[in-house]
Amino acid sequence: MARLTWILLLLLATNLGAALSLSTRESSALPKPTWKLLSTGSTARFRGLAPVSDKIAWVSGTSGTVLRTTDGGRTWASVGPALSGDDAALEFRDVEAWSAHRAVVLSIGEGDSSRIYATDDGGATWVRAFTNDEPAAFYDCIAFENPERGMAMSDPVDGKIRLLETRDGGASWHVVDSAGMAPALDGEAGFAASGTCLATTAGRWYVASGGVDPGRVFRSGDGYHWDVSDAAIAGGEGAGVFSVQFRDAKHGIAVGGNYSYPTGAKDVAAWSKDGGVTWVPSTTFPGGYRSGSSWVPGRCDMALAVGPTGSDFTLDGGRNWHRFDNGSFDSVECVKGPVCWASGEQGRVAVLLR
């Protein structure tokens, strides 16, 4: 079994019965995926990640940095907005992209540091599509359900998580009426750690939160009317759900933990089979706090999770996680192929070998 190739691992993921029957001994013998590090020529921390294909990917991060590759990571171009003065320190914590030409980036921070920029010419020019003017707002993540409709999520304003919406691909944004949003608890907030505290799949929307114990996941069938459930992930100050992802309308995973205690590996992951109404703690947790996660398209119950102490995979929809790498990453995203990319501190970007 130890001689199985990574390709066979992917085939295993298509067989739920085989995945569920793995014993602890068999799990330890699973072949391990491998990250291939790519040279970006940057020391920025890339929490924003938006792969389009095996060739095209965008990353965004500290010091106003936005990079793009069109050749699978062999070369990278600096394509971020032209910034000067204090703006040069903006942190672009999330990026969404649809091609080598079209992308949207989110900067985070209090007041007008929370902004959204959009480009349709590969970063040659950018339009500032949104600037926050609410002192209490702090935007964390953006997500798009299709190339035209997207949302951005802020920490609570007046006791409720605030959302922005675009219907024109990010060119303009408006604040969503909060009447349908479930109330936040005292101290509750999102984490701008990987761009996956807001997610959308199959017409449904999800928000991951922490700062309260346990962490919670908000859910909506339309982006306007929301319910919320405890997510079976330990929360508190600096802790909770950092990433939520669904592969369809029913099956979801959530990961998190405490970023101040990155090796803590108890109650850091959960799974749902009813659209996020209920969450079940994983039987075998990832190897520590995890900030980002992604389903592997076309591989049934296979998903990846990453954090500062390593990477893990699951073959059974989040019930059991298996560690395969000790390198630091903040974000992971897989697209059709499948092809998986990861990004993080010190300019680290990688693709998964298969």
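Q: Why does the radius of gyration of the protein chain agree with a compact globule?
A: Set the two values side by side: with 354 residues, a compact globule would have a radius of gyration near 20 Å, and the protein chain has 19 Å, so the two agree. The radius is taken over C-alpha atoms, and the globule rule is 2.2 Å times the number of residues to the power 0.38. Along the principal axes, the C-alpha atoms fill a box of roughly 55 × 45 × 35 Å.

Q: What kind of model is this, and which pLDDT values do its features need?
A: This is a predicted model: local features need pLDDT of at least 70, side-chain atom pairs count only at pLDDT 80 or more, and totals for chains, interfaces and linings use all residues. Residues are numbered from 1 along each chain as its sequence is written, and side-chain values use heavy atoms, with hydrogens and water left out.

Q: What is the mean pLDDT of the protein chain, and where is the pLDDT below 50?
A: The mean pLDDT (the predictor's confidence in each residue, from 0 to 100) is 93, and 91% of the residues reach 70 or more. Over residues 1-27 the pLDDT is below 50, though this stretch has 44 contacts in the model beyond near neighbours in sequence. Where pLDDT is low, the predicted coordinates should not be read in detail.

Q: How many helices and strands does the protein chain have?
A: The protein chain has three helices and 28 strands. Both are DSSP runs, numbered from the N terminus: helices are H or I with at least four residues, strands are E with at least two.

Q: What makes Arg-115 count as buried?
A: Its relative accessible area is 4%, and buried means under 20%, exposed over 50%, partly exposed in between (1.4 Å probe, protein chains only). So Arg-115 is buried. This arginine lies in strand 8, residues 115-119. Leaving aside neighbours within four places in sequence, Arg-115 is in contact (heavy atoms within 4.5 Å) with residues including Asp-87, Arg-128 and Phe-130. As for the protein chain, buried residues make up 58% of its 354 residues.

Q: How do you know whether Pro-33 is buried or exposed?
A: Check its relative accessible area: at 3%, Pro-33 is buried. Pro-33 sits in the loop between helix 3 (24-28) and strand 1 (34-38). Its C-alpha atom is separated by 31 Å from that of Glu-91, 58 residues apart along the chain.

Q: Why does Gly-256 count as buried, and which residues does Gly-256 touch?
A: Gly-256 has 0% relative accessibility, so it counts as buried. Its place is in strand 19, residues 252-258. Not counting residues up to four places away in sequence, Gly-256 touches several residues, among them Ile-233, Phe-242 and Tyr-289.

Q: Why are Ser-63 and Gln-346 called exposed?
A: Ser-63 has 55% relative accessibility, so it counts as exposed. Gln-346 is exposed too, with a relative accessible area of 56%. Ser-63 is in the loop between strand 3 (57-61) and strand 4 (66-69), and Gln-346 is in the loop between strand 27 and strand 28 (349-353).

Q: What is the phi of Ser-63, and what is the phi of Gln-346?
A: Ser-63 has a positive phi of about 55° although it is not a glycine, and Gln-346 likewise has a positive phi of about 55°. Most residues other than glycine have a negative phi, and most peptide bonds are trans.

Q: How do you know which form, cis or trans, the peptide bond from Asp-213 to Pro-214 takes?
A: Look at omega: the bond is cis, with omega near 0°. Pro-214 is in the loop between strand 15 (204-209) and strand 16 (216-220). The bond from Gly-337 to Pro-338 is also cis, with omega near -10°.
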